[in-house]
Amino acid sequence: MSAIHVGPIRLVTFPDDLTDLDGRLPQPNSLRRASDEAKGAVLAAATLLKEAGLAVTERTGVYVGQQQIALDACTRFIETSYKDGPRLASPLLFSESVANNITTHLSLTLGFTGSAQTFIGTRAAGIQAVAAASEDLAFGAVDAALVVVMGVAGRLTEVAYNAVLRPRVRTPEPMKFLRGGAAMLLRRDAADR
């Protein structure tokens, strides 16, 4: 069995990488009203693919791992539904709250048509994405795999953590979360390389 190579890796952090984020995205893209997290994932992936000189083909897979969906988009969608009624709630806000929205934006903007998987809901979601990409590479389902791991914690995450971890504190100290992510390439070690 051939070895799996990991790298290179491209990091994106918020708010640092939000400066002129829209201007640095590949064109055309599906990101006009997307979350900063989705834009950051596409920016990291596009930069990585360009630097590595890897063209996306039907044999290139994309694997995304994130602990949670963008809860802020969910909150805005629900608040708009209550305020203006469900018929006037923005479908774009809803689509940004769907678990596989980052994978969708990566596929639409960068042209992925092969394997596309999203892992969500645990702190190990990024590890699950790397494991799935490694398995697909080992079994020959893909020739290269882009793995994107995102941290999308926001205000609602802080409220939830404080409710569990500090239930008796009326005004707890703000919690710090890393917001951003990493994009990395995984490839099989072919004999001719």
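Modeller: Partly exposed describes a residue whose relative accessible area lies between the buried range, under 20%, and the exposed range, over 50%. The model discussed here is predicted.

Colleague: Why does Asp 22 count as partly exposed?

Modeller: Asp 22 has a relative accessibility of 44%. That value lies between 20% and 50%, so Asp 22 counts as partly exposed.

Colleague: Is Lys 39 buried or exposed, and what makes it so?

Modeller: The relative accessibility of Lys 39 is 6%. Because this is under 20%, Lys 39 counts as buried.

Colleague: How do you know that Lys 39 and Asp 22 form a salt bridge?

Modeller: The closest N and O atoms of Lys 39 and Asp 22 are 2.7 Å apart. A salt bridge requires a side-chain nitrogen of Lys or Arg within 4 Å of a carboxyl oxygen of Asp or Glu, so the pair qualifies. Lys 39 belongs to helix H2 (residues 36–52) and Asp 22 to helix H1 (residues 21–24), so the contact ties together parts 17 residues apart in sequence.

Colleague: How many salt bridges does the structure hold?

Modeller: The structure holds 3 salt bridges. In one of them, Asp 143 pairs with Arg 59, with the closest N and O atoms 2.9 Å apart. This pair links distant parts of the chain, 84 residues apart: Asp 143 is in the loop between H6 and S4, and Arg 59 is in the loop between H2 and S2.

Colleague: What makes the contact of Asp 143 with Arg 188 a salt bridge?

Modeller: The side chains of Asp 143 and Arg 188 meet with an N to O distance of 3.2 Å. Since that is within 4 Å, the contact counts as a salt bridge.

Colleague: What is the volume of the largest pocket, and which residues are closest to its centre?

Modeller: The volume of the largest pocket is about 380 Å³. Among its 24 lining residues, Gln 67, Val 149, Met 150, Gly 151 and Leu 178 are the closest to the centre.

Colleague: What classes of residue make up the lining of the largest pocket?

Modeller: The lining has 12 nonpolar, 11 polar and 1 charged residues. Elements that each supply at least two lining residues include strand S4 (144–151) and helix H7 (155–165).

Technical notes. Residues numbered from 1 in each chain as written. Predicted model: local features only at pLDDT ≥ 70, side-chain atom pairs only at ≥ 80, totals over all residues. Heavy atoms only, no water. 1 Å grid on protein atoms, 1.4 Å probe; cavity = no way out; pocket = protein on both sides within 12 Å on 5 of 7 lines; lining within 4 Å. Points joined across faces, edges and corners; volume = space filled by probe spheres on them. Helix = DSSP H or I, 4+ residues; strand = E, 2+ residues; numbered from the N terminus. Nonpolar A, V, L, I, M, F, W, Y, C, P; charged D, E, K, R; others polar. Buried < 20%, exposed > 50% of the residue type's maximum accessible area, 1.4 Å probe, protein only.
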